[in-house]
Structure formats: C-alpha cells, structure tokens
Amino acid sequence: MLAIEVGPVDVAHTRYAISPLGETMNALRVAAGKQPAGPLRPWAERVAPRYSRLLLETPAVGALTALMRRGAYNADFIHPPPSGRGGDFAAELAAVRATPLRQARAEIARNLAGLRTPPRHVQRILSAPDVLTRLSDAIEATWHALVEPDWPRLRTVLERDLVHRAGHLAMDGWAAALSDLDPRVGWRSEGADGVIEVRTGPRNAWQRHRLGGKGLLLMPTVFGTLISYVEPPWPYALVYPARGVASLLGPPPPQGGAVALERLVGPHRAQVLRALEVPATTTQLVRQLGLSLGTVGGHLAVLRESGLVTRTRTGRSVRYERTPLGGALAGD
C-alpha cells in the first residue's frame with residue numbers, strides 16, 4: 001500500500017500532462033503481449049501485422065520489450081517525465097537521446113537484474129557502443145508504426161480526461177478528482193489535509209510519502225495501466241487509464257444493450273452518445289470518431305432534442321455531456 005500525504009497547497013501545485021512517448025512505450029507493451037490488451041484487443045489485433053514488420057525492420061524493438069517488467073524497475077531514461085504539459089513526442093525523444101551513456105548503461109544493468117538472460121541478439125544490442133542510439137531509434141520507429149496514425153484521436157481522449165479531472169479537483173477537491181480514477185486509488189480526509197492511498201499489491205509493505213507543497217503530476221493513458229511514481233527522476237505522479245478508451249480504437253461488435261441502442265437511435269448516433277462518457281466539444285468528437293463536422297453536429301442536435309445530451313457554453317467552447325437518461329441508455 002502506498003500512502004501519499006497531501007496538504008492544502010498541493011492542489012494549486014498539481015499539474016497535468018500528456019506523454020506521447022509514454023503512450024508509445026505502453027502501446028508497445030500491449031502489442032508485444034507484455035500487458036493484457038483488455039478492451040484494446042481489437043486495436044492489438046489490427047496493429048499485429050504492423051508490429052511484426054516493426055520487429056523485422058528494427059531489431060532493437062525486441063531489446064526494448066526485453067526490458068519491460070511489471071512490479072519491478074524499468075530503465076528511467078527510456079521514458080523520462082514530460083516537462084510542462086507534454087504532448088511533444090520530438091521533445092521527449094530528444095531527452096532520451098541526450099541521456100549520458102554511463103547513466104543508460106547503469107539503468108539497463110539495474111533493469112536486467114533478476115530477469116531471465118535475454119537472447120544473444122538482444123544482449124548484443126544492449127551492450128553495443130551505440131545502444132542509446134539504437135534504443136532511441138526503436139522508440140521512434142514504434143511511435144511511427146503504432147501510435148502516430150491514431151494520435152489525433154488519442155490526444156483528444158487524453159485532453160478531455162485532463163479537463164474533466166482538473167475541473168473536479170479545482171471545484172470539488174481530491175475526493176471527487178480521485179473517485180473514478182482507478183479502483184485501486186482512494187482518498188482519506190484528515191482535516192485540512194488528506195492521504196491518497198494506492199493499493200500496489202497484497203505483498204507490498206506500507207510506503208508513506210508527503211507531497212510537501214510540490215503537488216502531484218496526473219497523467220492519463222490510453223494504453224497503460226495504473227502506475228505510481230515516488231522516486232526521482234520522476235516527481236510524485238500517478239499514471240492512470242483515461243476514460244472513454246474502450247470504444248476508441250475499434251471496439252468489438254456491439255452486444256446486448258449496445259445493439260438495442262443502435263437499433264433505437266442508429267449506429268452513428270449511438271457512437272456519439274457512447275463517446276460522451278466524458279464531456280466533449282463537437283471538434284473533439286470529430287477527431288475521436290472520424291466523422292464529419294456536419295454529421296456530428298446533426299447527431300448532437302437530435303440527441304439534445306431527445307433529452308439525451310445537454311450543452312454548456314464556456315467562453316468560446318460549447319461542451320456536450322449526457323443527461324441521466326442518455327447515460328442510462330449508453331449503459332452507465
């Protein structure tokens with residue numbers, strides 16, 4: 001169990017970021033079978049041919065997957081924490097390439113400790129004089145093959161989640177912001193302060209940390225699972241599954257209530273209603289669903305007239321969200 005003590009000033013210093021490089025590494029985990037695909041299985045099946053070509057054309061990708069572990073140390077230089085709000089793959093990759101060789105070798109050695117001895121071709125790559133260049137090139141090739149084609153839609157889902165999370169934290173506090181972040185994350189109030197509790201596994205002893213006014217870094221992910229960071233070079237951070245992922249990258253054929261919903265309102269209208277699991281603007285829905293602006297706008301108008309969605313204007317933006325009836329029809 002991990003306990004992170006939070007003080008009154010930590011809300012103001014909490015920040016939010018998106019990491020395209022992190023999504024690249026997480027996508028590689030799923031494609032390589034290092035992490036269960038779960039609701040992303042349709043995506044994993046769709047990119048399987050691309051992943052096979054990637055392994056043939058860029059052998060160092062196999063070295064990257066050989067370093068991947070769950071519940072143990074993973075080399076930090078391969079996925080450094082994003083600066084600012086992140087979102088720039090080129091900047092993140094430049095940080096990887098700028099890693100001192102001695103640091104990279106030390107982290108690789110620590111990463112490999114306790115693992116089964118990798119195949120000889122992987123050992124040759126990890127011990128090569130240009131290992132940093134090879135691994136960096138492999139990350140870049142993985143980005144182009146697995147993530148970049150879908151990045152506009154992925155970024156939309158991640159940005160929507162950040163807005164949702166930041167709004168809850170600013171208006172309603174930690175309990176609201178963490179309530180649906182992940183079942184393993186909870187909040188315990190202690191007067192003006194409180195504790196974020198993260199269940200890290202039944203065998204793990206209690207670890208207690210204090211933000212101390214530094215705030216928390218919150219990072220949604222499409223491909224990854226819950227990860228907590230409490231050691232440098234990362235700040236205190238939680239990486240968590242973004243909302244609205246299940247229907248993002250090619251959902252399985254609808255069944256049960258989903259079929260009934262499509263028969264009731266039509267397949268595209270049902271798609272829009274399901275996508276509003278997190279409130280969104282028309283433009284965000286266009287990017288996520290791959291439909292035209294006019295099509296999405298027309299469906300939103302019908303759903304609004306039917307009492308299934310509402311809209312709220314904030315500055316120049318108009319955001320749509322489900323009504324309780326719309327949520328019930330969508331299966332909430």
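Is Asp-137 buried, exposed or partly exposed? Asp-137 is partly exposed, with a relative accessible area of 35%; buried means under 20% relative accessible area, exposed over 50%, and partly exposed in between (1.4 Å probe, protein chains only).

1. Basis. This is a predicted model, in which local features need pLDDT of at least 70 and side-chain atom pairs count only at pLDDT 80 or more, while totals for chains, interfaces and linings use all residues. Residues are numbered from 1 along each chain as its sequence is written, and side-chain values use heavy atoms, with hydrogens and water left out.

2. Confidence. The chain has an average pLDDT (the predictor's confidence in each residue, from 0 to 100) of 87, and 93% of the residues score at least 70. By element, the lowest confidence is in α11, with a mean of 73, and the highest is in α8, at 97. Elements are DSSP runs numbered from the N terminus: helices are H or I of at least four residues, strands E of at least two.

3. Salt bridge Asp-137 to Arg-97. The structure holds 14 salt bridges, each defined as a side-chain nitrogen of Lys or Arg within 4 Å of a carboxyl oxygen of Asp or Glu. In one of them the side chains of Asp-137 and Arg-97 meet at 2.8 Å, N to O. This pair links distant parts of the chain, with Asp-137 in helix α8 (residues 131-147) and Arg-97 in helix α5 (residues 89-97), 40 residues apart. Arg-97 is also partly exposed, at 34% relative accessibility.

4. Salt bridge Arg-287 to Glu-159. The closest N and O atoms of this pair are 3.5 Å apart. Arg-287 lies in helix α13 and Glu-159 in helix α9 (residues 151-172), 128 residues apart. Arg-287 counts as partly exposed at 28% relative accessibility, and Glu-159 is partly exposed at 25%.

5. A salt-bridge network. Asp-180 and Arg-243 meet through their side chains at 3.5 Å, N to O. Asp-180 sits in the loop between α10 (174-178) and β3 (185-190), and Arg-243 in the loop between β8 (237-241) and α11 (257-265), 63 residues apart. Salt bridges with shared partners join Asp-161, Arg-165, Asp-180 and Arg-243 into one network.

6. Nonpolar cores. A nonpolar core is a set of buried Ala, Val, Leu, Ile, Met, Phe, Trp, Tyr and Cys residues joined through side-chain atoms within 4.5 Å. The largest has 70 residues, of which Trp-43, Phe-77, Ile-139, Leu-146, Ile-196 and Phe-223 touch the most other members. Helix α8 gives the most to this core, with 10 residues. Leaving aside residues up to four places away in sequence, Leu-146 touches residues including Ala-27, Trp-43, Arg-50 and Leu-54, where contact means heavy atoms within 4.5 Å. A second, separate core of 18 residues includes Leu-261, Ala-275, Ala-280 and Val-318.

7. Helix α14. The 13 residues of α14 (residues 293-305) should span 18 Å at 1.5 Å a residue, and the end C-alpha atoms are 18 Å apart, which agrees; the expected span is 1.5 Å times one less than the number of residues. Val-296, His-299, Leu-300 and Leu-303 are buried in α14. They cover an arc of only 100° around the axis, which puts them on the same side of the helix; the arc is that of the directions from the helix axis to the C-beta atoms. Gly-294 and Glu-305, on the other side, are exposed. The cover over the buried residues includes α12 (267-275), α13 (282-289), β10 (309-314) and β11 (317-322). Just after α14, Gly-307 takes a positive phi of about 80°.
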